[in-house]
Amino acid sequence: MENFDKESKYLRAKEKVEELKKFYSNLTSYIVVIAGLAVINYYTNSFHYMWFLWPALGWGIGLAFHAAKAFEWSPVFNKDWEERKIREFMEESDPERGVTKTQNWE
């Protein structure tokens, strides 16, 4: 059982590292691409209209959500919430205790 716990912890840590790698890769791409768009914007119209801010804003919102997921900043859907829901659903239909709740959608 102890070996299973170690493997489980290792897999969770590995998943977290993979998620962080994806976030940092996304952040690097964001910086490079938005900087490139800003340079193009400057050379085409000397920032009279800063159109590069539109993709920066859109991608930035997505990046913020990615950061929230990677760094587990979600106040509602965090690990504690997941564990509570898992326990709740397991208790809902526990054949060992003789409890079988079913939902009727009629």
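A: In this predicted model, buried residues account for 12% of the 106 residues in the protein. The protein has three helices and two strands, and, read from the N terminus on, these elements follow the order α-α-α-β-β. Its accessible surface amounts to about 9,200 Å², and carbon and sulfur atoms hold 62% of that area. Of the contacts between residues at least 6 apart in sequence, 49% connect residues at least 24 apart.

Against that background we can turn to the charged pairs. Side chains of opposite charge can pair when their charged atoms come close. A search of the whole structure gives three salt bridges.

One of them is formed by K16 and E72, whose closest N and O atoms are 4.0 Å apart. K16 belongs to helix α1, whereas E72 lies in the loop between α2 (53–70) and α3 (79–92), so this pair ties together parts that are 56 residues apart in sequence. K16 is partly exposed because its relative accessible area is 33%, and E72, at 47% relative accessibility, also counts as partly exposed.

Another salt bridge joins the side chains of E18 and K21, with 3.6 Å from N to O. Here both residues lie in helix α1 and are three residues apart, which is about one turn of the helix. E18 has a relative accessibility of 35%, so this residue counts as partly exposed.

A further salt bridge links K85 with E88, and the closest N and O atoms of this pair are 3.3 Å apart. Both K85 and E88 lie in helix α3, three residues apart, again about one turn of the helix. K85 counts as partly exposed because its relative accessibility is 26%, and E88 falls under the heading of partly exposed as well, with 38%.

Helix α1, which holds K16 as well as E18 and K21, also takes part in a surface feature of another kind. V39, Y42, Y43, F47, M50 and L53 make a nonpolar surface patch of about 610 Å², and helix α1 (residues 2–45) supplies the largest share of this patch, namely three residues. Y43 is placed in helix α1, and this residue is exposed, since exposed means over 50% relative accessible area and the value for Y43 is 67%.

Conventions:
Residues are numbered from 1 along each chain as its sequence is written. This is a predicted model: local features need pLDDT of at least 70, side-chain atom pairs count only at pLDDT 80 or more; totals for chains, interfaces and linings use all residues. Side-chain values use heavy atoms; hydrogens and water are left out. Patches are made of residues with over 30% relative accessible area and no salt bridge: like charges are joined within 9 Å, nonpolar side chains (Val, Leu, Ile, Met, Phe, Trp, Tyr) within 5 Å. Accessible areas come from the Shrake-Rupley method with a 1.4 Å probe; for residues, only the protein chains shown count as cover. Helices (H or I, at least four residues) and strands (E, at least two) are DSSP runs, numbered from the N terminus. Buried means under 20% relative accessible area, exposed over 50%, partly exposed in between (1.4 Å probe, protein chains only). Contact means heavy atoms within 4.5 Å.
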